[in-house]
Amino acid sequence: MQQCSILLQSAMGFKVCASDIQALGALKAMKDINCRVPIIGFDDIPMSRFLGLSTMRQPMYEMGTLALEKLFDRIQNKDKLISHTVFSPELVVRDSSLVVH
């Protein structure tokens, strides 16, 4: 359990990962040492739903579609100004972020 307390201290009681793949790896490592720390990933890959990983869902299809539209538009119109689009992720709460007492 020493590893768990070290993890808790370094993670300030929770863990946020840059991707769901990293978060799933962290969940496996915590399971191996019988430790539970609230954790959240980013991307909402399909496997996250089945393993109960909380995550930030990005509108990936819309992001990809818009990127291609902008690319084709720039290819056809080289004078077209570059534009930026901001997408807002959606919090998806599942078992991995629930506090265990």
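These notebook entries record what I looked up in this structure, which is a predicted model.

**Entry 1: the sheet**

I began with the strands. Four of them form an open sheet, ordered β1-β2-β3-β4, and the pairing is mixed. I noted that β1 (15–16) and β4 (90–92) each have a single partner strand, so they stand at the edges, with one side of each left without a neighbour in the sheet. I then followed β1 to its partner: β1 and β2 (residues 39–43) pair in the parallel sense over two bridges. For K15, I found the bridge partner in β2 to be I39.

**Entry 2: the nonpolar core**

I next looked up the largest nonpolar core. Eight residues make it up: C17, A23, L24, M30, C35, V37, I39 and L53. Helix α2 (residues 20–32) supplies the largest share of this core, with three residues. I recorded that I39 belongs to this core and is also the bridge partner of K15. As general background, nonpolar side chains tend to be buried together in soluble globular proteins.

**Entry 3: a nonpolar patch on the surface**

I also looked for nonpolar residues on the surface. L68, L71, F72 and I75 form a patch there, and their accessible area together is about 400 Å². I placed L68 in helix α4 (residues 60–76). L68 counts as partly exposed because its relative accessibility is 45%, which falls between the cut-offs of 20% and 50%.

**Entry 4: salt bridges**

How many salt bridges does a search of the whole structure find? I recorded five.

I examined K28 and D32 in helix α2. Their closest N and O atoms are 2.7 Å apart in a salt bridge. The two residues are four residues apart in the helix, which means that about one helical turn separates them. K28 is partly exposed at 49% relative accessible area, whereas D32 counts as exposed at 54%.

I then turned to E90 and R57, whose side chains meet in a salt bridge at 3.4 Å, N to O. E90 lies in strand β4 and R57 in strand β3 (residues 54–57), so the pair ties together parts that are 33 residues apart in sequence. Both are partly exposed: E90 has a relative accessible area of 42%, and R57 has a relative accessibility of 31%. I found E90 and R57 again in a network of salt bridges that also links D44 and R94.

Lastly, I noted the salt bridge between D73 and K80, with closest N and O atoms 3.2 Å apart. D73 counts as partly exposed at 28% relative accessibility, and K80 counts as partly exposed at 38%.

Note on methods. Residues numbered from 1 in each chain as written. Predicted model: local features only at pLDDT ≥ 70, side-chain atom pairs only at ≥ 80, totals over all residues. Heavy atoms only, no water. Core = buried A, V, L, I, M, F, W, Y, C linked by side-chain atoms within 4.5 Å. Buried < 20%, exposed > 50% of the residue type's maximum accessible area, 1.4 Å probe, protein only. Patch = residues over 30% accessible without salt bridge, like charges linked within 9 Å, V, L, I, M, F, W, Y side chains within 5 Å. Areas by Shrake-Rupley, 256 points an atom, 1.4 Å probe, with all protein chains shown as cover. Salt bridge = Lys/Arg side-chain N within 4 Å of Asp/Glu carboxyl O. Pairing = 2+ DSSP bridges.
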